[in-house]
Amino acid sequence: SGWRLHVRGDFDAFGLEHVGTLLRAIPESVPWRMSTEDYLAAIASGDGTTLSEKFPLVASWDTDLVRVMKEHGLAGHEEALLETLLEDLEQTR
């Protein structure tokens, strides 16, 4: 159909799993602001919560992301990137 789905979620085990599941199910989809750099920007606001060690972290789209998340021990939330996400959307109009 020509659509390209941009996928994102929180930087925690469930968000990474959500993104990974969609990337696998829809091969044309791409991660949106889900890189190591984006994670660091999300936690820079100081709003990150402690990353749970109960669930595995998997991010096949960025080989450094899981390592950096474990080093910092913080989950990052989408809301921390809201301004950047809105700017991205504005550029696609």
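How many aromatic pairs does the structure hold? Good morning, colleagues. The model before you is a predicted one, and the structure holds two aromatic pairs.

I begin with the one formed by phenylalanine 11 and tyrosine 39. Their ring centres are 5.5 Å apart and their planes meet at 65°, so this pair is edge-to-face. Phenylalanine 11 is buried, at a relative accessible area of 0%. Tyrosine 39 is buried as well, with 0% relative accessibility.

The other pair joins phenylalanine 14 and phenylalanine 55, and it is tilted, with 4.8 Å from centre to centre and 55° between the planes. Phenylalanine 14 is part of helix α1, and phenylalanine 55 lies in the loop between β3 (49–50) and α3 (65–72), so parts 41 residues apart in sequence are tied together. Here phenylalanine 14 is exposed, at 55% relative accessibility, and phenylalanine 55 is partly exposed, at 38%.

Let me now turn to the chain as a whole. Four helices and four strands make up its secondary structure, and from the N terminus they follow the order β-α-β-α-β-α-β-α. The radius of gyration is 13 Å, close to the 12 Å that the globule rule gives for 93 residues, so the chain is as compact as a globular protein of that length. Of the contacts between residues at least 6 apart in sequence, 75% join residues at least 24 apart. Finally, buried residues account for 33% of the 93 residues.

Methods
Residues are numbered from 1 along each chain as its sequence is written. This is a predicted model: local features need pLDDT of at least 70, side-chain atom pairs count only at pLDDT 80 or more; totals for chains, interfaces and linings use all residues. Side-chain values use heavy atoms; hydrogens and water are left out. Helices (H or I, at least four residues) and strands (E, at least two) are DSSP runs, numbered from the N terminus. The radius of gyration is taken over C-alpha atoms; the globule rule is 2.2 Å times the number of residues to the power 0.38. Buried means under 20% relative accessible area, exposed over 50%, partly exposed in between (1.4 Å probe, protein chains only). Contact means heavy atoms within 4.5 Å. Rings of Phe, Tyr and Trp (its six-membered ring) pair if their centres lie within 6.5 Å; planes under 30 degrees apart count as stacked, over 60 as edge-to-face and the rest as tilted.
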